[in-house]
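Below are a few notes for a colleague who is starting to read this entry. Please keep the structure open while going through them.

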Amino acid sequence: MILDVLRSIRTCYRRRNLPSCGFYSTSKMREVKVKASSREFINEEEEEEENEISSSLSSVKSTPEIEKKYVHRVYDAIAPHFSSTRFAKWPKVAAFLESLPCGSVILDAGCGNGKYLGLNPSCFFIGCDISHPLIKICSDKGQEVLVADAVNLPYREEFGDAAISIAVLHHLSTENRRKKAIEELVRVVKPGGFVLITVWAVEQEDTSLLNKWTPLSPKYVEEWVGPGSPMNSPRVRNNPFFSLESIPETEVSTKEHKVENIPCFGLESIPESEESTREQKAESIIPESKESTIPVEGTLETLKKNQQEYFVPWHLPYHRAEVSGASASALASGLAKKDDRKGAVVYNRYYHVFSEGELERLASGVGNAMIVDRFYDKSNWCIVLQKAALNQD
Amino acid sequence: MRLITHNMLSCNIKGVANGFPLLIEAGKVIEKEVDFNPDFLRHMFAKIEWKALVEGARSMGYAELPEDSPDATVLDSDESFLKKLHHALLELHLEEGALVCPETGRKFPVNKGIPNMLLHEDEV
């Protein structure tokens, strides 16, 4: 088990009894007056840029529309509420972090509300997330954070001792982007450094959850990805649900590909759920209490096994939604809908859930790292990679 | 943003060959005291790009670091050096200002201590 490997590596380090807020204590703070720099850094001349030859060559680093609308904007809108539900530390992640040598620099790419930043008080964490509201929450807690894109980390290589990506990659809508994010994690850690990645699994322990998720066909997702796609026309972009309602319902089919009809997705297709607390449990990796698995009919089970693209709802209670601001504009643009029965604004988050072995296959394509551990825990697929060490004499 | 982070940050605009280190435009700098941890500093010393640290510290109003990277032996013998390193790396915070790409001049804003390193569509 990887923890034994990590413990043996730690023989050259001794665990010190460091203060619990070693890097973050702020007993004294003062402002330093600094003269503004007199150097001219600004290059006023714009460089001429050629247009991209075609949308098919658009960079893997360019954010697809489905992620802008159904990941970025959603998290920005729900950040404080989302953060308040994200407090339980997943034991496997905690164990990984606690096994790292004292003084490690740990990079958390997609840190969200910073739940894991500072978890090991002897290490120095630097977190980044694409959501500024979430990063602000981290910053208010005294964490060292920045706003950045996990697919294109603004870090020079090999600075980190370890990196983590907890429930992040499933929000990336193409395989190339998911692979690029893994490559970035490996790039930014030192040779011999470890990377922990966790993602939501197709194989959910609580299969009744899938009733609340809206399946999307891969073909449909593709249409959202390219900049030249018809889905980016102003009429569609301004009203994302407009086109969806015009799409015919799919035939229930157990075939994996060649679905002629695209599933109609919209909140109407999500069955009314029970208490909101149960759904909040559904959102988090760690159920707050044990729930028994509800058996699902065989046909539905097969269908769901092949389905990996989903919209997963987030219910933002009215009292949490801003009166004016993100939710108001989200409702106006059709990005979110009101559910008066539940007293919540309902957002959809895009997920590509991973099937068994998929994360490994993706990671094994990364050249200079190898998989040193793999496991399934609480409906998540997880791997630990180790970056190739330099050859030493 | 602390200088430990600045020492890692690099401009990742497409086509940029030399995006590190970012130049610092310091608007507001604050100091926050942090517990002194010499082992951590020794560990960090090997990672740090020294010139970038010295330049960055100077931009933030702290000019006490030696210009040239000292020999690693100083880590065990010279506590005053460690204290200076500690101060520069961990106790200075850029609250307001910008990080500037040395190659393109592109400014990445820093507000309330948070750098925004997101690129525009045409930079990716």
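1. A:Glu158 sits in the loop between strand E4 (145–147) and strand E5 (160–166) of chain A; strands are DSSP runs of E with at least two residues, helices are runs of H or I with at least four, and both are numbered from the N terminus. Its phi is near 70°, a positive value in a residue other than glycine. Most residues other than glycine have a negative phi, and most peptide bonds are trans.

2. The model is predicted: local features need pLDDT of at least 70, side-chain atom pairs count only at pLDDT 80 or more, and totals for chains, interfaces and linings use all residues. Residues are numbered from 1 along each chain as its sequence is written, chains are lettered from A and ligands numbered from 1 in the order in which they are written, and side-chain values use heavy atoms, without hydrogens and water.

3. In chain B, the peptide bond that joins B:Phe20 and B:Pro21 is cis, with omega about -5°. B:Pro21 belongs to the loop between helix H1 (3–6) and strand E1 (23–32) of chain B.

4. How many cavities of 30 Å³ or more are there? The count is three, a cavity being a set of points on a 1 Å grid over the protein atoms alone where a 1.4 Å probe fits but cannot get out.

5. The lining of the largest cavity has 34 residues, each with an atom within 4 Å of a point. A:Gly110, A:Asp129, A:Ala167, A:Val168 and A:His171 lie nearest its centre. H2(A) gives the largest share of the lining, five residues. Domain 1 (51–202 + 355–387) and domain 2 (208–352) of chain A both contribute to this lining, so the cavity lies between them; the domain bounds come from an automatic or database assignment.

6. H2(A) packs against helix H4 (residues 132–140) of chain A at an angle of about 35°, with the axes 7 Å apart. Axes are lines fitted to C-alpha atoms over the stretch in contact, and angles run from 0 to 180 degrees between N-to-C directions.

7. In chain B, helix H2 (residues 38–45) and helix H5 (residues 79–91) pack at about 75°, with axes 10 Å apart. H2(B) and H5(B) are therefore roughly perpendicular, a label for angles of 65 to 115 degrees.

How values were computed: 1 Å grid on protein atoms, 1.4 Å probe; cavity = no way out; pocket = protein on both sides within 12 Å on 5 of 7 lines; lining within 4 Å. Points joined across faces, edges and corners; volume = space filled by probe spheres on them. Parallel < 35°, antiparallel > 145°, perpendicular 65-115°, else oblique.
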